[in-house]
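Please go through the following model with me, taking its fold, its confidence and its charged pairs in turn.

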Amino acid sequence: MTSALRGNSFLTRFGRWAAELILVFVGVYAAFWLNNYQQHQQEAKRRDQILASLEQRLKEGIESAKTEGIKEDREVTEFRRALNAGEMPPLHPFAFSSDYSASDIATLLLSGGIELLDVKTLTALRDLESVIRGGLSRMAHYEKLSDELIAPNLDQDISFFYDPATKKLRKRFEKYPEALEATVNFIHDLEKTQTELLKQIQVERQRH
């Protein structure tokens, strides 16, 4: 009898201990799950904020690139037509302004973008950054040539820029049409890369 009572008492204590252990486990697990859930919700919100900001900026950038591209296309086409017709069209100082800053994308990535965004989105973002940096480097090169060769000589006669006999650009100005076309190509590349990134961002936002 005493042995049986001891056995029942042990089983009772063991049962209570096991029940308490389970309750503690369930409590810890629930707290862990809730913390993960809240963290996931915060990450999802942060991801969507980043993507929404990028999407809005890209839409504005694409619209601007389309408008500027149409304008530059017309100017290049007209210059080429006049040049080929021997009309000796005037040269204008070459200038290209941009508010691009490499620190913008770096800040975005450091603020959590690199952990939250899909790999495809990050790749498309870096492709866009590469197009921008490469394009701006070429624009800076042509702008430097313009500052050295064209801007200081705007008061010169047209024969300063063209050979009157052939009605062709003199050798030191031969890169002018190339600079105009490089601008157009840069704008088109920018529009294309921005559009690709925008599509990827929209896919990611829908998926999440």
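The questions and answers below concern this predicted model.

Me: On what basis are the values given, and what is the average pLDDT of the protein chain?
Reply: Residues are numbered from 1 along each chain as its sequence is written, and side-chain values use heavy atoms, with hydrogens and water left out. As the model is predicted, local features need pLDDT of at least 70 and side-chain atom pairs count only at pLDDT 80 or more, while totals for chains, interfaces and linings use all residues. pLDDT is the predictor's confidence in each residue, from 0 to 100. In the protein chain 71% of the residues score at least 70, and the average pLDDT is 79.

Me: Over which residues does pLDDT stay under 50 with zero contacts beyond four places in sequence?
Reply: A contact means heavy atoms within 4.5 Å. Where pLDDT is low, the predicted coordinates should not be read in detail. This caution concerns the stretch where pLDDT stays under 50 and the model has zero contacts beyond four places in sequence, namely residues 1-8.

Me: Which pattern does the protein chain follow along the sequence?
Reply: Helices (H or I, at least four residues) and strands (E, at least two) are DSSP runs, numbered from the N terminus. The protein chain has four helices and two strands. Read along the sequence, their pattern is α-α-α-β-β-α.

Me: How far apart are the end C-alpha atoms of helix 3?
Reply: The expected span of a helix is 1.5 Å times one less than its number of residues. Helix 3 covers residues 119-149, so its 31 residues should span 45 Å. The model agrees with this, as the separation of the end C-alpha atoms is 45 Å.

Me: Is Glu55 buried or exposed?
Reply: Buried means under 20% relative accessible area, exposed over 50%, and partly exposed in between (1.4 Å probe, protein chains only). Beyond its neighbours within four places in sequence, Glu55 is in contact with Leu198, Ile201, Gln202 and Arg205. Because its relative accessibility is 10%, Glu55 counts as buried.

Me: Which side chain of opposite charge is nearest to Glu72?
Reply: Lys and Arg count as positive and Asp and Glu as negative, whereas His and the chain ends are not counted. Glu72, in helix 1 (residues 2-84), touches Thr183, Val184 and Ile187, not counting residues up to four places away in sequence. Glu72 is buried yet has no salt bridge; at 5.2 Å, the nearest side chain of opposite charge is Lys71.

Me: How many residues apart in sequence are the parts tied together by Glu181 and Arg80?
Reply: Glu181 forms a salt bridge with Arg80, their closest N and O atoms being 2.8 Å apart. Because Glu181 lies in helix 4 and Arg80 in helix 1, the pair ties together parts whose separation in sequence is 101 residues.

Me: What is the separation of the C-alpha atoms of His188 and Ala65?
Reply: His188 is placed in helix 4 (residues 175-207) and touches Gly69 and Asp73, not counting residues up to four places away in sequence. His188 and Ala65 are 123 residues apart along the chain, yet the separation of their C-alpha atoms is 7.3 Å.

Terms used: Salt bridge = Lys/Arg side-chain N within 4 Å of Asp/Glu carboxyl O.
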